[in-house]
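Work through the exercises below with the sequence and the 3D view side by side. Try each task before reading its solution.

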Amino acid sequence: MSAEGDLELVRGLVGAALASLEASRSRIDDLNVYPVPDGDTGTNLTLTVRAVAETVASAEAGDRPALAHAVARSALMGARGNSGVILSQIVRGVADVLAEATNGIGPPLAARALRGASDAAYRAVRRPVEGTMLSVIRELAEEAERRAVEPQPLGDLLVELVRHGDEAVARTPEQLDVLREAGVVDAGGAGLVELLRGLAGAVTGETVSAAPAAVASPGPDAIHLEQSRYRYCTVFVVEGDALDRDELEAQLDAFGDSLVVVGDEAALKVHVHTDDPGAALSLGTAVGTIEGVEIANMHEQQEQRKRRLSLVPSTRAKSGVVAVVAGEGNRRLFETLAEPVGTIRVVAGGQIANPSTAELVAALEALEADEAIILPNNPNVRLAAEHAAEQLEWRPAEIVPTESIPAGLAALVAYDGTRGAAENAAEMAGAAAAVATGEVTRASRDVELNGLAIRSGDWLGLADGEAVAGGDDFADVTFGVVTRLLAQPRALLTLLTGAEPPPLDGLLERLAAAYPELEVEVHEGGQPHYPLLLGAE
Amino acid sequence: MRLTSANTAIVLDSTADLPDAADRFASWRVVPLYVRFGDESLRDGVDIDAAEFYERLRAESVFPTTSQPTPGDFLACYRELGAYERILSLHVSARVSGTFASAEAAASELGDGRVRAIDTETASAAIGMLALAIQRRLERGTSDEEVDAFVERYRRERGLLFTVDTLEFLARGGRIGKAAAFAGTLLHVKPILSIRDGEVVPVKRVRGERKAFAELAAALETETRDEPSFRLAVAHAAAPERAAELEALVGERRPHAELELVVTLGAVIGAHAGPGTLALFWFRDDE
């Protein structure tokens, strides 16, 4: 073949491979969880192949070794991301073999090229990992060597290889735990097969059917990484006679972002993120007939992807927490603090409604952990906690003797479910001891306090269990409590509001003015009897 | 081969957060990573500086992504350093970035054995401190073997602690690793993190900014001594007040130690740590 012919052929092949990859770019991005789950494998592979396409587009015809060298070099220079770097080595391996070819390319040479590609890819990676682009290219090389012994057209071989590649990609979750846990196939491997699919299509002149949806794509769960501000990912194909790609693209541009319009006069594939998929489809029906419509809610997808990417292994915690907590809001605070790092069972109860020993035992036994830590969060619950711990024969249980909800929260910040109960208890007790606790409630009877008469129904403020302020002004009483709690320097004040919401107006401003360095957090606790609980640490 | 400051160049990538590296030493270069806002690709520290980056991060709805330099980028840099017999190419942990892989690919493409790509297994000012320590050895003359042994010691002994405002940035960029468990609670838990074996790892969680700062202050007390051989660095992302406070604390508590670097996290590290990040680095080196 002439030098011009070679160049034209390479241009066609690269273009076909690129188009195939581009069509799957965002799907491949979404698959990306390894080695770093940053969702850019499709983009990186596309940019890498684009660099090759740009080089061959502007290249002058030369001999085969020169052309092969130019292709390999452009892949290397333009390689983006880990996957791009590995791809550049694959391209180099192929180019080195094809450069030596003096005639047309048949199956034996293709097999040698793939073997060269596989070897080059493995050489480029210091610690090769199975279930990645590497195992996919190696399996392609092996399959090509097996099949190349039979005489056949190159196109047939490539089609078979695409099938085999799809299977190899489908197996990657069995080879690499990270993929299995995330429920995806390897992104780089999937990209590689898309490139091959494009090549096979160009050689045979026929579209090589896409991989089965269940293998190649999360299907209807197809997910997008792009932080699009639009809600719907809209994909469709327009078929017509003289479709104008540029014009359709310009029209769609106004409706959203992540716009991709590819194809020819007879068929255009559209991908757009928009809040108005109907309008986008109307633009398609205005110039032709539409089919293959897919509209997906990306906000939902992003949530799903987030969940898939939270690769924290859900192993059983070494130690778990049983906490006695009053108020729905407080329960939620305890749960959100403990669950990410271990496990917790909350037993409702507190000052007035002490839980029974039996309730605590039931919670301890339900705990999905080998050891237990009990946070009584009230002096009146401590005895029941001790009895419950004694009745647990098979599970070591430690009691961290917290006397208040704020102390319990501080203790829980130091909890780590991967540690044993004893180690946790020591850390947690230390954290709880560093908290000064306050309460604001209503006086249930007339009392005399530091020469101040407090009438039944007035506000009564306590600091570490001792009455320190009283009166009919909530802010004054609370401020008196805070003053006591901050007698020692503290960094953080947590306010937990009760089922009877306290009048906080003015209090926060007053605190900010009096203690400009203090961080103040307010949360709805929902506890009965105490409109406000305070923790200073 | 005897390595000296005259025959050996140092190449960093922009995650070292030293955009002025080439001004510090004529033999130093920085190869930028890329930060992308949508389809716009910018060279970290070249097309966009830290201040511009945090401003855009605040102002724009599109979330930036990052990408490693191409092997071509490294190749161009290595070629430019043709006058040097040895190039030490020091890069961000290969566990979190493909930058090292690009550098290695370029080194093997160059094929003359001049370039030694090194995975520092760390990031930001810790890379800068390592480079400074190697430069000190080059000034007096050293060898590849000594550099290797030193890098190995650095990986083991260098300390670093950092706190982020939110784990959202690490999570979005996929660099969260084992720290994921610390993510998001109602109580504004501040994670205290480190980098171990090249990965971000959780150390502890505390509530509130003041307490997070107190953890860094505590590390300064327990992990370092007030001696000139203790080298320290402070880094921050759009948190100059906090960084200044930490810097002042270092000056007050460790007046005889060497505060080598106070840096702003550039666009790429900033995109993964997020604004509000504050970091303390320490390392003992008698040279």
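**Exercise 1. Which residue in E2(B) stands opposite B:Leu12?**

Solution. Start at B:Leu12. Its opposite number in E2(B) is B:Val30. Now widen the view to the strands, which are DSSP runs of E with at least two residues, numbered from the N terminus. E1(B) covers residues 8-13. E2(B) covers residues 28-31. The two pair in the parallel sense over four bridges; pairing requires at least two DSSP bridges between the strands.

A note on the model before going on. It is predicted: local features need pLDDT of at least 70, side-chain atom pairs count only at pLDDT 80 or more, and totals for chains, interfaces and linings use all residues. Residues are numbered from 1 along each chain as its sequence is written, while chains are lettered from A and ligands numbered from 1 in the order in which they are written.

**Exercise 2. Which strand does E1(B) join through five bridges?**

Solution. Look for E6(B), residues 86-91. E1(B) and E6(B) run parallel. For one bridge, take B:Thr8: its partner in E6(B) is B:Arg86.

**Exercise 3. How many of the six residues of E1(B) are buried?**

Solution. Apply the cut-offs. A residue is buried if 20 or more other C-beta atoms, placed from the backbone, lie within 10 Å of its own; exposed means 12 or fewer, and partly exposed lies in between. Check one side: B:Thr8, B:Ile10 and B:Leu12 are buried. Check the other: B:Ala9, B:Val11 and B:Asp13 are buried too. That gives six of six, so E1(B) is largely enclosed by the rest of the structure.

**Exercise 4. Is B:Val115 buried or exposed?**

Solution. Find B:Val115 in strand E7 of chain B, residues 115-119. Count 25 other C-beta atoms within 10 Å; therefore B:Val115 is buried. Next, list its contacts, meaning C-beta atoms within 7 Å. Beyond neighbours within four places in sequence, they are B:Tyr78, B:Ile87, B:Ser89, B:Ala107 and B:Leu110.

**Exercise 5. What share of the 287 residues in chain B is buried?**

Solution. The share is 56%. Then turn to contacts between residues at least 6 apart in sequence: in chain B, 71% of them join residues at least 24 apart. Finish with the outline. The C-alpha atoms of chain B fill a box of roughly 55 × 50 × 30 Å along the principal axes.

Terms used: Contact = placed C-beta atoms within 7 Å.
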